[in-house]
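Hi,

Here is the structure we talked about passing on. Have a look at it first, and then read my notes below.

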Amino acid sequence: MTTSSSERGISLGMPELPAPAYPDDVRTRLEADARDVIARYPDSRSALLPLLHLVQSQEGHVTRTGMQFCADMLNLTTAEVTAVATFYTMYRRRPSGDYQVGVCTNTLCAVMGGDAIFETLQEHLGVGNGETTDDGKVTLEHIECNAACDFAPVVMVNWEFFDNQTPASAKRLVDDLRAGRDVEPTRGARICTFKETARILAGFPDERPGAVEEGGSAGPASLVGLRLARGETAPARVVHPRGGPQEEVQDRTVHEPSPTEHLSSHDAPQETSASDPSHPAGPAAEEGE
């Protein structure tokens with residue numbers, strides 16, 4: 001007994017119809033914005049990334065209509081635009097919520113509780129990775145790295161940081177978002193919708209009063225290394241090994257190396273093929289052998 005292709009779930013496929021056009025008023029507005037963006041670049045195709053953010057700000061994700069619009073404005077093929085839109089995860093390819101909640105599940109955040117936060121939010125919201133709540137408010141996703149390991153575990157909402165989270169605090173966060181209550185990130189400007197965020201990422205100013213001044217910078221934990229390099233930290237504290245005297249010695253005189261001294265063994269010259277003739281570098285055999 002044979003089955004038809006439709007019964008096997010196989011589509012022979014008709015050619016996809018052209019993407020529907022934007023309404024005239026929307027296209028007119030987007031064209032004006034797009035020309036503003038394109039004028040910033042000596043090569044128009046360099047404007048593709050911000051233009052994708054621009055069309056994402058219109059519908060909340062990058063549609064076929066949006067990609068066709070970008071192709072038309074930049075004299076590109078839709079294949080070229082699609083290749084870029086599908087490469088970067090910041091461009092959504094399907095409808096999503098007003099708030100993109102990303103939980104870092106990379107190594108350090110995961111160890112510090114990121115996995116537990118993500119599992120808790122999936123159960124609490126009733127959605128899986130990349131899915132949106134029924135009210136259209138929250139899209140949940142795991143993120144490989146939020147570049148904030150010193151504040152692990154980290155959650156982001158529309159790319160704003162919520163540091164040192166716990167399952168309980170993350171649940172309160174998404175509940176507040178869904179209820180329309182104001183939430184303040186640990187660092188950075190107050191939260192706006194994903195569409196508004198996309199327009200800002202397209203290069204247009206954040207017109208909310210005071211939002212620019214709220215812009216985040218590196219937090220204290222991120223600046224420890226810089227303070228060390230500048231010598232701005234407190235005097236060194238030397239702790240004796242176990243079994244030795246228990247008191248800590250403070251304000252000890254620290255030897256200042258001269259300009260000709262190496263600061264550590266990592267700065268010392270290492271043996272190389274040039275300095276160690278008995279271990280020359282180079283291919284084991286001549287090319288072509």
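Residues are numbered from 1 along each chain as its sequence is written, and side-chain values use heavy atoms, with hydrogens and water left out.

How far can you trust it? The mean pLDDT (the predictor's confidence in each residue, from 0 to 100) is 79, and 72% of the residues reach 70 or more. A contact here means heavy atoms within 4.5 Å. Where pLDDT is low, the predicted coordinates should not be read in detail.

Now the overall build. The protein has eight helices and seven strands; these are DSSP runs numbered from the N terminus, with helices being H or I of at least four residues and strands being E of at least two. Of its 289 residues, 33% count as buried, meaning under 20% relative accessible area, with exposed being over 50% and partly exposed in between (1.4 Å probe, protein chains only). Among contacts with a separation of 6 or more, 62% are between residues 24 or more positions apart.

The search ran on a 1 Å grid over the protein atoms alone: a cavity is a set of points where a 1.4 Å probe fits but cannot get out, a pocket is an open set with protein on both sides within 12 Å along at least five of seven lines, and lining residues have an atom within 4 Å of a point. Grid points are joined across faces, edges and corners, and a volume is the space filled by probe spheres set on the points.

The largest pocket has a volume of about 320 Å³. It is lined by 15 residues, and Thr-89, Arg-92, Gln-100, Gly-130 and Glu-141 are the closest to its centre. Strand 3 (residues 138–143) gives the most to this lining, with four residues.

There is also one cavity of 30 Å³ or more, and the largest cavity holds about 30 Å³ of space. Its lining includes Arg-92, Gln-100 and Glu-141, along with Met-156 and Trp-159. Strand 1 (99–104) and strand 3 each supply at least two lining residues, and strand 1 gives the most, with three.

What about the cysteines? The structure holds zero disulfides, a disulfide being a pair of cysteine sulfur atoms within 2.5 Å. For Cys-104, the closest cysteine sulfur is in Cys-109, at 3.6 Å, which is too far for a bond. Cys-149 is in no disulfide either, with the sulfur of Cys-145 the nearest at 4.6 Å. Cys-104 is buried at 3% relative accessibility, whereas Cys-149 is partly exposed at 41%.

Last, the glycine. Gly-114 is found in helix 5 (residues 107–125) and counts as buried because its relative accessibility is 0%. Leaving aside neighbours within four places in sequence, Gly-114 touches Val-103, Cys-104, Thr-105, Cys-109 and Pro-153. Val-154 is 40 residues away along the chain, yet its C-alpha atom is 7.3 Å from that of Gly-114.

Cheers

Conventions: Predicted model: local features only at pLDDT ≥ 70, side-chain atom pairs only at ≥ 80, totals over all residues.
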